[in-house]
Amino acid sequence: EVWTMMNSKYSEFLPSVQNREDLVAEVEGLCMDIDLLKAAIENEVQQDLNVAVTEFTELKQQLERDSVVLSVLKKLQEFDTAVKEFSTALLEERYMRAAQRLEKARSSLRNVESHRGFELRIPKALRKELTVQEQSIIYQLGKEWQKLIVWKLPHSKGSSSLEAVVLSELHLHAVPPQGEDTAVPAVAAVLQALAVMGELHYKLKDFGQLLMEYILKPLISYPSLEPVTEEQPDVFILRFRSQEPALDEFSPIKVFDKIKLIFEVLHKYLLNVPLEEPGKGGKDGRVTLAELLGELIWEELSNCLIHSCLVHSLPTSSSQLEQYKEVIESTKEFEKALKEMQFLKQDKTALLKYACNVNFHFANKKCQDLIKAARKLMTSEIHNTVKITPDSSAALPELPAPWSGDHPKTHGPSNLLDSGTVNLGSESSLSQSTLSLPTCRISSSVQQLMELAYNTMEEAKTSTKFCCLQLCNCVRDIFHVFCEVVPKYHRENLQKLPQLAAIHYNNCMYIVHHLLTLGHQFRYLTGAVLSDCGGTFVDMVPDFRKLGMECFLAQMQVQKRGVLDRLWSARNFSNMDDDENYRAANKSIKQVLHQLRGLGTVWQDVLPVHVYCKAMGTLLNTALAEIVTRITALEDISAEGADRLYSLCKIMVDEGPQVFTPLLEEDKNKKYQEEVPVYVQKWMTFRELMIILRANLQEIVDRWADGKGPLAEQFSAAEVKSLIRALFQNTERRAAALAKIK
């Protein structure tokens, strides 16, 4: 059974094995066919395929070249067509059509030139042809522009004087037909063609320059100039006439009316032309000629209106600020009219901003004028003087009681500078001379300067807060400028001329005198304003005192050196028994007195009496001290020499007081001449020296009085002993006298 089963299985398996062997043989046959086919493809088909790809690439490149050539030929055809149409339109004076066709030709030529890789000679020739055609239409349009706008200017072209402007005329040959408000279509066509050709900007720029030079600027600069218009059937004429100038020169309202009339005329006959300007204007890139002209000249025109008209119309005082509202309203209407004519853009408000900012400009202009006026006073001659007395120069105006809240009565500048007794609101009042300057002379320019300061402070009281602050600061600036300008501008004269130095000293003290109370007098200005500008002028007092003192002390040093230089030629007052030495000493003494008399004369009625006496006393004291020092230093004085020294000293004692002449009235000067010892520190010392020169030993010892006498008050023991040794021979009596001097 097993065997039978195995035979059965074998008989079933044998056919499947046979089938598989047949399949293997078939697969092997297919593999051989594949290999043969692969070999055939590699050897034959691949080669044919490579050839086909190469041919395709060449055909593609040829197609691309042919496409470019075809495109270029089409553009050349368009160029040729456009140029022919341009020529036809230009002959027919259809300028807009001609400009558009020329622009088309230009675009076609640019397209041709943009293709690289072609060595075409024709674009160069076409470019040349295009340039010729462009110049021809530009020339033709230029002639049309000259027909539209005709300037008749005087032979002296470039001159914008009143005479030249009166001879100038503007003719506009763009008068619209009856019943139409805008320019004729031919005008629009010419202007649009100019815009397309890019020439309109240059034409408008030249037109704008002539308009500014011969029409707009003269109307602003010459108030007497009036525009005259004349309309004829085919032309509009604008000319000018000169009338008698009105009292209110540079009236902005009148100037605005004249300028507005000019633009209304230009808008009606020329500027109201819509143009197509890509990238500009409003809808669809359309812009009017007025807008283009406005962009070119508005900045220059607005600056001219501001600096040649509005500046001159600014109020000169705070009381006129209210009236300036008319100018502001007129400026607003002027700008509104220009915007309606599209000459001015909506965001341009330079004129109105300037006019509305009148407080700022008024304050600046006022301050500039004040500084200019003050500087002129500071650089005027110092020697033109006025006399100041206590009666005419009390510092304070009438003040309210400390507990009252009322403001003081308003005083004019003269009252502020020349008020009477100071009333403190109590039962008692100060004397007339309290806080008053002593009698002296000051420069009239300085008095005017202080009046200017008071006037300015008075005006500040009624001004706006901003103007008030500016004016208060300006007054401070005036005094600062004085400290800088006067010493430098007058330096040489102040150094050389003692009278001017004295006047300058008085000027400074006069200013100090008013600075002390100026802030107090105007303390009722707004507290914040006074705080912002310093609140008071007292802080400037030390600067002015220093300024005056330094100048006068420098002059005193010069005079002291003069005194000492003259005494130097006295040969130390030695050997006075020698005639030549005596003459030299006598000459030097007289020269010193002559110098002092000259000073006394130039300072007379100039310096305050106490300053005069102190200054003259200082200089005389310098001379006396030098003489005393020289004589006490002598080692030997003969009897004749002592007599001559005494005579020289007597000259100083007799004539020295006579240099004290502070007042013009001679009889009033005696008082100050008698008070010489008060002002001359060495006066009594000098008198004691004269006594010693004529005294004997006993008299000298008696005046010494054991160090308690008048001689001991003026000389030291060593100085007295030195004089005794020089005057007396060496004897027992001299030795005894010397022993008592201790």
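Which residues does Val327 touch, not counting residues up to four places away in sequence?

## Val327 and its surroundings

In this predicted model, Val327 touches Pro252 and Leu310, with residues up to four places away in sequence left out of the count. Val327 is found in helix α9, which covers residues 325–340. Its relative accessible area is 9%, so Val327 is buried, the cut-off for that class being under 20%.

Ile253 is also placed relative to this residue. Val327 and Ile253 are separated by 74 residues in sequence, and their C-alpha atoms are 6.3 Å apart in space.

## The chain as a whole

The protein chain has 742 residues, of which 43% are buried. Its secondary structure consists of 28 helices and eight strands. The accessible surface of the chain comes to about 40200 Å², and carbon and sulfur atoms account for 52% of that surface.

Contacts between residues at least 6 apart in sequence were also sorted by separation. Of these, 74% join residues at least 24 apart.

## Helix α6

Helix α6 runs over residues 200–221 and has 22 residues. From its first C-alpha to its last, α6 reaches 29 Å, close to the 32 Å expected at 1.5 Å a residue. The helix has a kink of about 45°, centred on Met212.

Met212 is itself one of the buried residues of α6. Leu211 is buried as well, as are Tyr214 and Ile215. Other buried positions in this helix include Leu200, Leu204, Phe207 and Gly208. Towards the end of the list come Leu216, Pro218, Leu219 and Ile220, which are also buried.

## Helix α13

Helix α13 spans residues 444–461.

## A nonpolar surface patch

Val2, Trp3 and Met6 make a nonpolar surface patch of about 380 Å². Val2 lies in helix α1, which covers residues 2–91.

Is Val2 buried or exposed? Val2 counts as exposed because its relative accessibility is 61%, and the cut-off for exposed is over 50%. Val327, by contrast, is buried at 9%.

Terms used: Residues numbered from 1 in each chain as written. Predicted model: local features only at pLDDT ≥ 70, side-chain atom pairs only at ≥ 80, totals over all residues. Heavy atoms only, no water. Helix = DSSP H or I, 4+ residues; strand = E, 2+ residues; numbered from the N terminus. Buried < 20%, exposed > 50% of the residue type's maximum accessible area, 1.4 Å probe, protein only. Contact = heavy atoms within 4.5 Å. Areas by Shrake-Rupley, 256 points an atom, 1.4 Å probe, with all protein chains shown as cover. Expected span 1.5 Å × (residues − 1). Bend = angle between axes of the 7 residues up to and from the residue. Patch = residues over 30% accessible without salt bridge, like charges linked within 9 Å, V, L, I, M, F, W, Y side chains within 5 Å. Salt bridge = Lys/Arg side-chain N within 4 Å of Asp/Glu carboxyl O.
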